[in-house]
Amino acid sequence: MNINSQYQCILVTGGAGFIGSNFIRFLFEKVNYKGKVINVDSLTYAGNLENVADIADEYGGSQYFFEKVDICNYQAVDAVFGNYRPDCVIHFAAESHVDRSIHGPKDFIYTNIVGTFNLLEASRRWWDGDYDARRFHHISTDEVYGSLGETGYFYETTPYDPRSPYSASKASSDHLVMAYYHTYGLPVTISNCSNNYGPYQFPEKLIPLMILNMVDEKPLPVYGDGKNIRDWLFVEDHCLGVWLVVNRGKVGQTYNIGGENEWTNIDLVNRLCEIVAGKTGKSRDFYKKLITFVKDRPGHDRRYAINCDKIKKELGFAQTVDFTQGLEKTVDWYLHNTEWVSRVKSGEYRKWIETNYLQR
Ligand code: NAD
Ligand code: TYD
């Protein structure tokens, strides 16, 4: 893939998480990025260095560097800027799970708002008004736009209307990012993406949770009536969209990225039952019988649907992986990566990180 990049040193936050780790792999393996990548991650429960272990083995010390830093700690963030002098920041780090934000919003406020503020401040200080060939790209979500009825789409111009502590914290950080553009001229871009799926997603989110529960023959909990709709995008296509915005997007602009692929949760879970059955030899109905309707999530947004014409027309974005292919790949990944799965499920992955990585 040929997307020219002028950036020499990219600070990626949250690079041990689901999308951040896929993005780092995308940089090295899909677009042959030749500069340096600094992965800044505090390794919360969602951060797993095993997600980028292959990258660390191949590029560690030359092109790839890891810094265990909490973005809520301004001094530590500032020191990373001082050491590496990045000319580009791509900010994935966040508390990302809506259900957790309902049970405990505090970390969402600190990481998503204060953490973003610290990164903006450090960028402003180190770039010091010299904004040519610099970029602060903020990764956001379509959830900031609220909930749709049966028709309509989210556009970049749709007014923000967040409903969960998670989406409210992301909306707040988006506003801060744009405020730094308008107030200080910081060269920012934002992308608001729909639901991602693919390898390395922590199994608290719908798709990996369902796959692993099927493997364990456990109930498949579907919230409410199962008719809530999400627009699903394969994670590598999100990475492509982000890379296009970083390199071709106009400063001060927001770009929606979506799958144009709406599914009710219940249809999606039924589809997963068919795919998993095709691979394990059990019947589709065996898995469907595990579906259990459970109490709805409070404030559960009914429908998300992204209009992504802007990034398609202006930056040449197109989805490359269709949903059947993407789900097949994802199911295969979870069925074959049994060690990753068992370490994540048992919590062993935290010890694995200590012994295999941080003490090396
Ligand atoms: P994730 O939860 O899998 O990973 C988040 C990463 O951030 C983890 O590695 C974690 O250790 C790190 N992190 C958390 N708090 C930190 C802190 N204080 N300091 C440093 N690192 C910290 O999340 P994800 O699904 O990969 O999402 C990445 C980004 O994409 C988020 O900003 C999220 O809002 C956004 N997004 C996600 C989706 C989706 O479907 N997953 C969709 C649209 C947008
Ligand atoms: P999720 O993966 O948590 O993403 P988000 O809330 O950010 O969209 O959930 C996707 C959809 O699946 C959402 O409508 C909630 C629903 N859901 C369930 O029905 N059961 C579950 O166990 C989970 C985790 C989610």
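Is Y166 buried or exposed? Y166 is buried, at a relative accessible area of 8%; buried stands for under 20% relative accessible area, exposed for over 50% and partly exposed for what lies in between, with a 1.4 Å probe and protein chains only.

This is a predicted model, in which local features need pLDDT of at least 70, side-chain atom pairs count only at pLDDT 80 or more, and totals for chains, interfaces and linings use all residues. Residues are numbered from 1 along each chain as its sequence is written, chains are lettered from A and ligands numbered from 1 in the order in which they are written, and side-chain values use heavy atoms, with hydrogens and water left out.

Helices (H or I, at least four residues) and strands (E, at least two) are DSSP runs, numbered from the N terminus. In a regular strand the side chains alternate between the two faces of the sheet. Strand β4 covers residues 88-91, and both of its faces are covered: C88 and I90 are buried on one side, V89 and H91 on the other.

Strands pair if DSSP finds at least two bridges between them. Strand β1 (residues 9-13) runs parallel to β4 and is joined to it by four bridges; T13 has H91 as its bridge partner in β4. Strand β5 (residues 135-141) also pairs with β4 in the parallel sense, over four bridges, and there R135 stands opposite C88.

Two loop residues other than glycine have a positive phi. R85, in the loop between α3 (74-84) and β4, has phi near 50 degrees and is exposed at 54% relative accessible area. A133, in the loop between α5 (106-127) and β5, has phi near 55 degrees and is partly exposed at 39% relative accessibility.

**Ligand 2**

A residue is near a molecule if one of its heavy atoms lies within 4 Å of it. There are 17 residues around ligand 2, and E143, P221, R230, R297 and H300 come nearest. By class, the shell has seven nonpolar, five polar and five charged residues. Nonpolar here covers Ala, Val, Leu, Ile, Met, Phe, Trp, Tyr, Cys and Pro, charged covers Asp, Glu, Lys and Arg, and the others, Gly among them, are polar. β8 (220-223) and α7 (206-215) each supply at least two residues of the shell, and β8 gives the most, with three.

| Residue | Distance |
|---|---|
| E143 | 2.5 Å |
| R230 | 2.8 Å |
| N265 | 2.9 Å |

Taken alone, ligand 2 exposes 510 Å², of which the protein buries 96%.

**Aromatic pairs**

The structure holds 23 aromatic pairs. Rings of Phe, Tyr and Trp (its six-membered ring) pair if their centres lie within 6.5 Å; planes under 30 degrees apart count as stacked, over 60 as edge-to-face and the rest as tilted.

F28 and Y59 are stacked, at 4.2 Å centre to centre and 10 degrees between the planes. F28 lies in helix α1 (residues 18-29) and Y59 in helix α2 (residues 53-59), 31 residues apart. F28 is buried at 4% relative accessibility, and Y59 is buried at 16%.

F108 and Y166 form an edge-to-face pair, because their ring centres are 6.4 Å apart and their planes stand at 80 degrees. F108 is in helix α5 and Y166 in helix α6 (residues 165-184), so the pair ties together parts 58 residues apart in sequence. F108 is buried at 2% relative accessible area.

Ring pairs also link F23, F26, Y33, F92 and W243 into a cluster.

Technical notes: A polar contact is a pair of N or O atoms within 3.5 Å; within protein, one must be able to donate a hydrogen and the other to accept it, and residues adjacent in sequence count only if both atoms are side-chain atoms. Accessible areas come from the Shrake-Rupley method with a 1.4 Å probe; for residues, only the protein chains shown count as cover.
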